[in-house]
Amino acid sequence: MSEIAKDGGAAAEPNWQDWVGREETVAEVIAPDRVAALAATLDLDRTPKVGEALPPGWHWLFFNPFVPRRGLGIDGHPKRGGFLPPVPLPRRMWAGGRIVHTGNLVVGAPAEKRSVIEKVEAKSGRAGRLVFVTVSHHLSCDGVVRLVEEQDIVYREAATPGGPAPAPTPAPGGAEWQETVVPDTTLLFRYSALTFNGHRIHYDQAYARDEEHYPDLVVHGPLTATLLQNFAGSIRPEARLERFEFRGVHPLFVADPFTLEAKTVDGEAAALDLWARGPSGELAMRASAHFTK
């Protein structure tokens, strides 16, 4: 659960429906050096080579805006405005998403991402005011769409200092496969650098604690989702990941080991139920993976 922005905003809320249907397109080469850098960051023995398929989840290395420092908020995220609606609620969370692989992005090849704001919904409940934004992304190589993703972004009110934390949801049982991850500061720093993510909750401990009221540095949600996709691929190496869905439930923190876990789905030989279990047994992220030959 990363991608949380804290910033000021406009005094009056505009009609967020004006942003529905808004589009932007970004082109970039799937650069081999960035791919090699992520392989090293994840401590992998093999680096995908030029001409090979980009592994699932690694597309988040690319198409990220290079915003000058003067264009950043105090939290290190871009100031409000631009493509996404300038929702004035101070915290922004990338809560989850759905990915469909219709082909492969290719290492070393030019690629394009077309993004569309599909839906904006304002709600109010026990958690206070919320605004939900759904954005679709269509990633192409050679003019052919290879990946379609929907991202769920949630804007919410600031955390209350000293307020009671919500009770965590216990992680499921029955795991057939497990893998332990120890998220040290180097992993978080490198992933922030590779994705050009300046949000200070991932590298500035004082900011994470004093301003956003986390107990420590926060593990990036996309990093956890990438690790779950790599984990799923190691369980089904003979198959191709076709669909992946994930939802962030509870944050993970630096130096606290967490566990990637998976089990088969009853009646679906080509599907896995996956999750990240936090150090106290809490459910941090829930996911599902569907494969094709």
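A residue counts as buried when its relative accessible area is under 20%. By that cut-off, β2 (91-101) is mostly covered, with nine of its 11 residues buried. Do keep in mind that this is a predicted model. The briefing below starts with the sheet, moves through its strand pairs, and ends with the helices.

**The sheet as a whole**

- The sheet is open and contains 10 strands, in the order β1-β3-β4-β5-β2-β7-β10-β9-β8-β6, with antiparallel pairing.
- The edges belong to β1 (23-29) and β6 (177-181); each has a single partner strand, so one side of each is left without a neighbour in the sheet.
- From one strand to the next, the twist averages 20°.

**β1 and β3**

- Seven bridges link β1 to strand β3 (residues 110-125), and the two pair in the antiparallel sense.
- One of the bridge partners to look for is Val116 in β3, which pairs with Glu23.

**β2 and its two neighbours**

- On one side, β2 pairs with strand β5 (residues 144-156) over 10 bridges, in the antiparallel sense.
- Arg98 has Glu245 as its bridge partner in β7.

- Strand β4 (residues 128-141) and β5 run antiparallel and are joined by 12 bridges.
- Within this part of the model, Ser136 stands opposite Glu150 in β5.
- The hairpin of β4 and β5 has two residues between the strands, and Asp142 there takes a positive phi near 55°.
- Thr134 is a residue of strand β4, and it is buried because its relative accessible area is 10%, under the 20% cut-off.
- Leaving aside residues up to four places away in sequence, Thr134 touches Arg98, Val116, Ile117, Glu118, Lys119, Glu150, Gln151 and Asp152.

**The α1 and α2 pair**

- Helix α1 (residues 32-41) and helix α2 (residues 185-194) have axes that come within 10 Å and cross at roughly 165°.
- That angle is over the cut-off of 145 degrees, so α1 is roughly antiparallel to α2.
- The crossing in which α1 passes α2 is left-handed.
- From α1, the residues Arg34, Ala37, Leu38, Ala40 and Thr41 meet Leu187, Arg190, Tyr191 and Leu194 of α2.
- By type, the residues of this contact divide into six nonpolar, one polar and two charged.

**A closer look at Leu38**

- Leu38, which sits in helix α1, counts as buried because its relative accessibility is 1%.
- Its contacts, not counting residues up to four places away in sequence, are Trp58, Leu61, Tyr191 and Leu194; of these, Tyr191 and Leu194 are in α2.
- Between Leu38 and Lys123 there is a separation of 85 residues in sequence and 37 Å in space, taken C-alpha to C-alpha.

Note on methods:
Residues numbered from 1 in each chain as written. Predicted model: local features only at pLDDT ≥ 70, side-chain atom pairs only at ≥ 80, totals over all residues. Heavy atoms only, no water. Pairing = 2+ DSSP bridges. Helix = DSSP H or I, 4+ residues; strand = E, 2+ residues; numbered from the N terminus. Axes fitted to C-alpha atoms, helices over the stretch in contact; angles between N-to-C directions. Contact = heavy atoms within 4.5 Å. Parallel < 35°, antiparallel > 145°, perpendicular 65-115°, else oblique. Left-handed = near helix turned anticlockwise from the far one by under 90°. Nonpolar A, V, L, I, M, F, W, Y, C, P; charged D, E, K, R; others polar. Buried < 20%, exposed > 50% of the residue type's maximum accessible area, 1.4 Å probe, protein only.
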